[in-house]
Amino acid sequence: MERVGVVGCGQMGAGIAEVCARAGLDVVVVESTEAAVDAGRRRLEASLNRAESKGKIPDAAEVLRRLRVTGNLDELADRTLVIEAIVEDEAVKAELFGQLDKIVSAPDAILASNTSSIPIMKIATATGRPAQVLGVHFFNPVPVLPLVELVPSLLTADETVIRAENFVREVLGKHAIRCQDRAGFVVNALLVPFILAAIRMFESGFATREDIDEGMVRGAAHPQGPLALADLIGLDVTQSVAQSLYEEFKEPTYAPPPLLSRMVDAGLLGRKSGRGFYTYA
Ligand code: NAI
């Protein structure tokens with residue numbers, strides 16, 4: 001059984017910690033400030049209480065007892081698998097991986113990143129053990145979506161990928177797919193250009209937002225249309241993934257359309273800000 005550590009207890013880190021604890025593992029979660037430790041703990045409690053009230057878990061308190069949220073990175077020393085889910089910033093992640101390399105003592109411990117767009121190689125080379133670094137990319141909301149993308153860099157050992165895959169499949173009960181260390185991995189590389197095409201369609205006046213979304217829901221059996229989906233993901237997140245894809249491949253299909261950039265500048269970020277392509281109460 002892996003001894004799991006998670007760094008970052010925001011939207012993704014909390015979800016990853018929760019699924020690990022729900023799978024029966026003891027999890028140490030590290031946040032950056034005391035206020036963030038408290039917020040992270042509240043986030044975990046709220047999510048687990050919701051899961052209990054919906055009948056998805058029998059006892060939220062029992063799962064919470066396996067989750068220790070702390071501000072002290074040194075508490076990760078005895079972990080065999082650490083999953084990083086902090087801010088999407090290459091320099092900040094590289095610095096953290098350098099620290100983890102010094103702190104995590106098991107010589108075969110796996111250091112994983114949940115990054116959506118930063119090359120795994122940049123993170124791996126910040127450590128002295130790149131063979132044990134890989135991308136383990138979960139989807140939001142983590143307790144609900146079954147997919148995890150496993151992303152080895154050119155230096156990741158096969159054994160690391162096999163161990164991570166066993167963990168995702170056997171321990172977490174999730175579905176793992178593998179791909180190379182390229183911006184967007186599989187899902188965002190396919191999904192983001194589709195969303196950008198819908199935004200360009202709306203921006204040009206070709207069709208209304210409702211008709212674009214209904215077209216894909218009723219004509220292609222998508223659970224929601226691309227503009228509603230962009231609002232759910234967050235327009236800032238959509239823009240930053242598009243920028244990473246564009247930077248990597250230099251193909252116009254990945255370039256953020258002007259409307260998306262203006263909406264982000266205006267603070268119209270989708271559901272989380274109350275307004276994006278649609279307005280939310
Ligand atoms: P978030 O902003 O909700 O959470 C980030 C957390 O990391 C914050 O609570 C912050 O206090 C903490 N943090 C920042 N620096 C830290 C440090 N040095 N040590 C400890 N904690 C630190 O962000 P979110 O959405 O959870 O994203 C986290 C990562 O997951 C990013 O790399 C993002 O690209 C990736 N991701 C995000 C998805 C999404 O839908 N939001 C989906 C899949 C991956």
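**Around the ligand**

Guide: Of the 23 residues around the ligand, those that come nearest are Gly8, Gly10, Met12, Ser116 and Asn140. This is a predicted model, where local features need pLDDT of at least 70 and side-chain atom pairs count only at pLDDT 80 or more, while totals for chains, interfaces and linings use all residues. Residues are numbered from 1 along each chain as its sequence is written.

Visitor: What makes a residue count as near a molecule?
Guide: Its C-beta atom, placed from the backbone, must lie within 6 Å of the molecule.

Visitor: Which elements give two or more residues to the shell around the ligand?
Guide: They are helix H1 (11-22) and strand S6 (133-138). H1 gives the largest share, 3 residues. Helices (H or I, at least four residues) and strands (E, at least two) are DSSP runs, numbered from the N terminus.

**The sheet**

Visitor: What is the order of the strands in the open sheet?
Guide: Its 8 strands follow the order S3-S2-S1-S4-S5-S6-S7-S8, with mixed pairing.

Visitor: Why are S3 and S8 called edge strands?
Guide: Strand S3 (67-70) and strand S8 (175-178) are edge strands because each pairs on one side only.

Visitor: How do you know that S2 and S3 pair?
Guide: Pairing takes at least two bridges found by DSSP. Strand S2 (residues 27-30) is joined to S3 by 4 bridges, so the two strands pair, and they run parallel. Within this pair, Val30 stands opposite Thr70 in S3.
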